[in-house]
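Please look over the sequence and the structure below, and then follow the explanation from the aromatic rings to the sheet and its helices.

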Amino acid sequence: MDCASAEFWMREALIEAGKAESEGEVPVGAVLLINDKIVGRGHNRSIVAHDPTAHAEILALRQAAHSMRNHRIMGSILVVTIEPCAMCVGAMIHARVDELVYGAADPKAGAVDSHFNLAGAQQLNHRIAVTSGILADQCRALVQAFFESRRK
């Protein structure tokens, strides 16, 4: 994905992150694309849904898989505001996502670059192309502001 397209779609993911924030959730948002069309959207809902798996990426994958009536989402690109965790990368691998575009690194739980390279692990049966740092300052600032407000 070229930089201009990545920034365009990251703004859509940031809209989803804003929805999470308005619900009192960690502000992470995701959109899943096929042929430059959104087929899945998600924002963190773990607290509201009482579901530890209700991460933005998982919800976008679920929505797309349900609407496509297929657990494989070939030819897709997942755009997410924060570097995904191990659970989310695992789901992307199982869904056969082709490409991941993310904004800011997650130094605590990131499983793409920060702690692991699950998206490119040769031991696994699928690898995901990765582009990182798209609108990273905006993505990082949203999460940092959320946690700063929680500490007060």
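**Aromatic pairs and the sheet**

The count of aromatic pairs comes to 2, where rings of Phe, Tyr and Trp (its six-membered ring) pair if their centres lie within 6.5 Å, and planes under 30 degrees apart count as stacked, over 60 as edge-to-face and the rest as tilted. The rings of F8 and W9 are edge-to-face because their planes stand at 85°, with centres 4.8 Å apart. F8 is partly exposed at 47% relative accessibility, whereas W9 is buried at 11% (buried means under 20% relative accessible area, exposed over 50%, partly exposed in between, with a 1.4 Å probe and protein chains only). F146 and F147 also form an edge-to-face pair, 5.1 Å centre to centre with 80° between the planes; F146 is buried at 6%, and F147 is partly exposed at 35%.

This is a predicted model, in which local features need pLDDT of at least 70 and side-chain atom pairs pLDDT 80 or more, while totals for chains, interfaces and linings use all residues. Residues are numbered from 1 along each chain as its sequence is written, and side-chain values use heavy atoms, without hydrogens and water.

Turning to the sheet, 5 strands form an open, mixed sheet in the order β2-β1-β3-β4-β5, strands being DSSP runs of E with at least two residues and helices runs of H or I with at least four, numbered from the N terminus, and two strands pairing if DSSP finds at least two bridges between them. Its edge strands are β2 (37-43) and β5 (129-132), each pairing on one side only. Strand β4 (residues 99-104) pairs with β5 in the parallel sense over 4 bridges, and L100 stands opposite V130 in β5.
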